Amino acid sequence: MYKILNVKELADSIFLMDVEAKRVAKACQPGQFVIVKTDEKGERIPLTICDYDREAGTITIVFQIVGASTKKMAALKVGDAFRDFIGPLGKASEFVHEDISLLKQKRLLFVAGGVGTAPVYPQVKWLHEHGVQADVIIGSKNKDLLILEKEMEAVAGNLYVTTDDGSYGRHGMVTKAIEDLLNEGNTYDQCIAIGPMIMMKFVCLLTKKLKLPTIVSMNPIMVDGTGMCGACRLSVGDEVKFACVDGPEFDGHLIDFDQAMKRQQLYKTDEGRAMLKLSEGDSHHGGCGQCGGDQ
Amino acid sequence: MARRMEKVPVREQDAKVRATNFEEVCLGYNEEEAVSEAERCLNCKNAKCITGCPVLIDIPAFISEVKEGNFEKAAAVIGKDSALPAVCGRVCPQESQCEGKCIMGIKGEPVSIGKLERFVADWARDNHIEPIPAKEKKDKKVAVIGSGPAGLTCAGDLAKRGYAVTIFEALHEPGGVLVYGIPDFRLPKEAVVAHEVENVKKLGVEIETNVVIGKSTTIDELITEEGFDAVFIGSGAGLPKFMGIPGEQANGVFSANEYLTRNNLMKAFLDDYDTPIQRGKKVAVVGGGNVAMDAARTALRLGAETYIVYRRSETELPARVEEVHHAKEEGIEFHLLTNPTEILVNEDGWVRGIKCVKMELGEPDESGRRRPIVIPGSEYEIEVDTVIMSLGTSPNPLISSTTEGLAVNRWQCIIADEANGATSKEGVYAGGDAVTGAATVILAMGAGKAAAAGIDEYLSCSN
């Protein structure tokens with residue numbers, strides 16, 4: 001069992017937890033992820049690592065309620081435990097293996113969208129600890145959903161916050177913020193974009209045009225996370241890659257996002273049904289327009 | 001006399017009934033049936049059946065005990081050589097191993113060795129016969145990677161010799177392919193697999209789940225930081241293969257590994273488990289091995305009309321005869337000498353069918369099997385909403401790429417000495433699918449057993 005030592009609701013339906021997982025905390029690197037399972041009957045849920053404390057043997061995870069399983073997770077309190085906590089999985093971010101002096105000369109731009117701010121944080125923090133300054137854009141729907149602003153500010157070179165509705169920071173999507181930054185005279189050698197697939201898709205469309213190399217972190221459906229099942233396969237260029245062992249980070253300009261987004265919908269109907277069953281019991285028989293039960 | 005030439009028939013769930021449930025197909029012998037089947041054994045002095053068994057169980061000796069009604073003694077005879085008799089009695093390809101060599105098989109049917117082994121193992125479980133841990137403990141630690149058939153066997157054998165053994169399992173349940181791969185209707189998870197794992201634990205073996213070697217820690221760290229004196233790698237088969245045909249990324253195309261893992265490990269077939277599975281209406285399973293049969297029979301039980309699509313003919317089907325027979329009985333349709341060329345996709349990105357060509361068999365290829373050749377102009381479509389690819393696996397690089405000095409062959413399988421499991425790295429042994437590529441449970445057990453002997457010899461010599 002993997003004990004929960006701290007729980008914080010960062011924003012509406014976005015939670016942060018510190019979880020005791022000694023082996024994961026000892027081995028993990030920025031860019032990697034974990035799989036958690038709440039109980040005997042739960043799903044294996046892949047989650048990005050937001051932070052780690054090697055001494056304390058803890059991992060910080062951040063997640064948003066998107067279905068029945070994450071709703072179950074959100075009900076866990078300090079002192080409760082996950083039945084299973086597996087990792088670190090996937091490959092570390094490329095820069096971890098790069099020469100630090102060369103890395104210091106690179107101008108890096110991180111683009112974080114929504115809950116995607118969580119996996120960006122340990123990358124920027126790692127760079128900061130190795131003396132590399134990276135600029136960060138955090139995009140959020142509105143002021144209330146913005147997370148980890150203070151934490152990011154402490155480790156980022158320049159931090160730019162933009163909200164879709166203009167309720168805080170700059171006004172507009174992250175793509176607008178990227179264009180604005182470039183128009184303001186900033187130049188970058190590398191972009192790293194992590195967030196919802198639709199955001200990563202549009203960032204990549206833009207940066208391709210701007211000839212700015214872009215790395216994205218993919219979060220497709222997964223089961224085992226160790227290469228065994230192939231559920232997470234993606235088309236990258238003309239190759240098929242498994243996000244769990246070949247990724248999760250890939251050259252964003254080579255990803256077939258439309259296909260990846262379609263594949264993400266695979267169990268949406270089932271998940272919607274499970275979620276409604278959880279909140280409404282057996283009384284729900286479709287017709288709500290959300291669960292797909294009436295299709 | 002005629003009866004003596006035939007096996008005592010084994011009771012099975014009716015095909016129509018079992019096609020809708022996940023209960024075990026074969027019900028096994030009762031005491032009376034087992035004794036009367038055992039009486040068919042000629043107790044050959046030069047018993048050929050033993051040579052057909054990868055773990056060399058003294059088959060005539062255990063059958064003699066069954067004949068006398070000494071089931072506990074029979075269990076002890078099997079226990080000397082096999083850690084997983086209830087599993088092997090169910091999933092071994094006996095027809096090509098022990099039973100294939102049985103003298104009785106020349107003029108009639110061979111003795112039903114597999115069903116007798118299963119009977120003895122189930123009897124021992126029901127009568128709470130427990131394995132006895134080693135009396136003398138050794139002060140050497142061995143790490144076993146993977147808790148599938150190879151790992152469990154190796155760990156059990158080493159524990160019996162007195163070593164302190166820890167198994168590291170990547171998934172959240174121990175058992176490897178016995179848990180994620182082989183379905184309940186062939187191998188019950190609670191009654192059989194969990195019990196066999198418990199037996200290995202009772203020998204003193206510790207199992208740590210959720211540890212992915214190569215990620216959570218490495219083999220080198222196990223040796224240098226955690227003080228293990230030797231390591232056995234039984235990490236199993238790897239990444240599922242796909243065909244590389246158009247439409248394979250569509251929604252509704254799964255690897256057999258994924259489909260079976262969702263159903264077996266995650267128990268998606270039970271309503272109160274959270275993991276979803278696509279219950280197709282019409283399902284095509286591509287491939288002809290045991291895994292393909294398992295996937296097809298699972299889809300059938302989930303309510304689908306199910307087809308097997310295989311490019312060679314029935315004779316070349318790599319699956320066990322019994323599995324093919326069961327699949328047909330349950331109503332699975334076989335499209336033999338048929339090869340998919342494209343998966344047809346609707347505008348929403350979901351599978352709507354599979355385009356195939358008919359094949360004919362030409363000259364034998366490198367594998368010795370006749371090479372299938374496309375018949376021109378034979379294209380046709382099968383309407384399906386789900387396609388399951390069961391084409392085998394390629395090795396997982398997680399361990400080989402993170403272990404200093406561990407040699408692999410050109411297929412990326414770990415190179416290990418067949419006789420003792422030794423790899424190119426001192427103190428590191430390997431066996432099972434990680435070495436051979438996808439094979440059978442019993443071959444993996446044989447390799448685990450050989451490696452346990454190899455590790456024992458290595459640790460006895462080194463001080």
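## Helices α2 and α4 of chain B

In this predicted model, helix α2 (residues 31-38) of chain B packs against α4(B) at an angle of about 125°, and their axes are 8 Å apart. Axes here are lines fitted to C-alpha atoms, for helices over the stretch in contact, and angles run from 0 to 180 degrees between N-to-C directions. Helices (H or I, at least four residues) and strands (E, at least two) are DSSP runs, numbered from the N terminus. The angle makes α2(B) oblique to α4(B); under 35 degrees counts as roughly parallel, over 145 as roughly antiparallel, 65 to 115 as roughly perpendicular, and the rest as oblique. The crossing of α2(B) and α4(B) is left-handed, a term used if the near helix is turned anticlockwise from the far one by less than a right angle, while clockwise gives right-handed.

Which residues meet here? A34(B), V35(B) and A38(B) in α2(B) touch I63(B), V66(B) and K67(B) in α4(B). Two residues are in contact if their C-beta atoms, placed from the backbone, lie within 7 Å. By class, this contact has five nonpolar, no polar and one charged residues. Ala, Val, Leu, Ile, Met, Phe, Trp, Tyr, Cys and Pro count as nonpolar, Asp, Glu, Lys and Arg as charged, and the others, Gly among them, as polar.

## Helix α4 meets α9 in chain B

Helix α4 (residues 59-67) of chain B also packs against helix α9 (residues 113-126) of chain B: their axes come within 11 Å and cross at roughly 60°. That makes α4(B) oblique to α9(B), and the crossing is left-handed. From α4(B) come I59(B), F62(B), I63(B) and V66(B), and from α9(B) come I113(B), L116(B) and V120(B). The residues of this contact divide into seven nonpolar, no polar and no charged.

## Domains of chain B

Chain B is assigned domain 1 (3-126), domain 2 (141-238 + 395-461) and domain 3 (241-392); such bounds come from an automatic or database domain assignment. The centres of domain 1 and domain 2 of chain B, taken over C-alpha atoms, are separated by 27 Å. Their contact takes 18 residues from domain 1 of chain B and 24 residues from domain 2 of chain B.

Which helix gives the most to the side of domain 1 of chain B that touches domain 2 of chain B? It is helix α6 (residues 85-91) of chain B, with five residues. By class, that side of domain 1 of chain B has twelve nonpolar, one polar and five charged residues.

## Where the two chains touch

Between the chains, 28 residues of chain B are in contact with 36 residues of chain A. On the chain B side, the elements that give two or more residues are β7 (239-240) and α14 (256-265) of chain B. The largest share, four residues, comes from α14(B). The chain B side divides into ten nonpolar, 13 polar and five charged residues.

## Domains and helices of chain A

Chain A is assigned domain 1 (2-89) and domain 2 (94-217), with 24 Å between their centres, taken over C-alpha atoms. Here 14 residues of domain 1 of chain A are in contact with twelve residues of domain 2 of chain A. On the domain 1 side, β4(A) gives the most, with five residues.

Now for a helix pair: helix α7 (residues 197-209) and helix α9 (residues 257-264) of chain A have axes that come within 10 Å and cross at roughly 180°. That makes α7(A) roughly antiparallel to α9(A). In α7(A), M197(A), I198(A), M200(A) and K201(A) meet F257(A), A260(A), M261(A) and Q264(A) in α9(A).

## Backbone details in chain A

Most residues other than glycine have a negative phi, and most peptide bonds are trans. A cis peptide bond joins G87(A) and P88(A), with omega about -5°, and P88(A) lies in strand β7 (residues 84-89) of chain A. Another cis peptide bond joins G247(A) and P248(A), with omega about 10°. L148(A) has a positive phi, near 60°.

## Confidence and numbering

Chain A averages a pLDDT of 90, and 91% of the residues score at least 70; pLDDT is the predictor's confidence in each residue, from 0 to 100. Over residues 283-295 of chain A the pLDDT is below 50. Where pLDDT is low, the predicted coordinates should not be read in detail.

Residues are numbered from 1 along each chain as its sequence is written, while chains are lettered from A and ligands numbered from 1 in the order in which they are written. As this is a predicted model, local features need pLDDT of at least 70 and side-chain atom pairs count only at pLDDT 80 or more, whereas totals for chains, interfaces and linings use all residues.
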